[in-house]
Amino acid sequence: MAQLTDRLWMTRALEQARGALAHGDVPVGAVVVRGGLVLAEAGNRREVDSDPTAHAELLAIRAAARALGSWRLDGCSLYVTLEPCAMCAGALVNARLPSLIYGATDPKAGAVGSLYDIPRDDRLNHRVAVTEGVLAKECGDLLIRFFRARRPTGGHPPADSL
């Protein structure tokens, strides 16, 4: 049952990622769920907002905190299409999120097992349960298509790509 539920919410996060793609942002989407209800959802908005911190995860976490009236996101799960970076992984810990479910891994900037493992670091005051690889192919394919379209033929991705 959990796998089916995870796929459902990740599909919703993919919708947010496609929305980010529609306005030229890296297609990453996030959804915060509590008790089977969506508290918040967002796609990347770095380009639209000219804000380097406007990652889907941070936007969704901020909106969920406002909806709950508390910075502690007790009982919530964050679904995100790409493994969070160090900034977003730190926000998961600081928001006391119990669980993270993500799609594609990010070997270049991922901080939930790829480069670092911030949410599960025993030295921190909170740990986050992590489920990885939910709809990984769909999440990864969306990112691959985005970056291929931005690359000059045979070149490397732009330095600001993620």
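The axes of helix 1 and helix 5 (residues 136-150) come within 10 Å of each other and cross at roughly 10 degrees. That makes helix 1 roughly parallel to helix 5, a label given to angles under 35 degrees, whereas angles over 145 count as roughly antiparallel, 65 to 115 as roughly perpendicular and the rest as oblique. On helix 1 the contact is made by Met10, Leu14, Ala17, Arg18 and Leu21, and on helix 5 by Glu138, Cys139, Leu142 and Phe146. Contact here means heavy atoms within 4.5 Å. The axes are lines fitted to C-alpha atoms, for helices over the stretch in contact, and angles run from 0 to 180 degrees between N-to-C directions.

This is a predicted model, in which local features need pLDDT of at least 70 and side-chain atom pairs count only at pLDDT 80 or more, while totals for chains, interfaces and linings use all residues. Residues are numbered from 1 along each chain as its sequence is written, and side-chain values use heavy atoms, with hydrogens and water left out.

The protein has five helices and five strands. Helices (H or I, at least four residues) and strands (E, at least two) are DSSP runs, numbered from the N terminus. Along the sequence they follow the pattern α-β-β-α-α-β-α-β-β-α.

The five strands form an open sheet with the order 2-1-3-4-5 and mixed pairing; two strands pair if DSSP finds at least two bridges between them. Strand 2 (37-43) and strand 5 (129-132) stand at the edges with a single partner strand each, so one side of each has no neighbour in the sheet. On average, neighbouring strands of this sheet are turned by 15 degrees against each other, direction ignored.

Strand 1 (residues 29-34) and strand 2 run antiparallel and are joined by six bridges. Valine 32 stands opposite alanine 40 in strand 2. Helix 3 (residues 56-68) packs on the sheet and touches strand 1, strand 2 and strand 3. The direction of helix 3 makes about 145 degrees with that of strand 2.

Turning to the whole protein, its C-alpha atoms fill a box of roughly 45 × 35 × 30 Å, taken along the principal axes. Buried residues (under 20% relative accessible area with a 1.4 Å probe, protein chains only; exposed is over 50%, partly exposed in between) make up 46% of the 162 residues.
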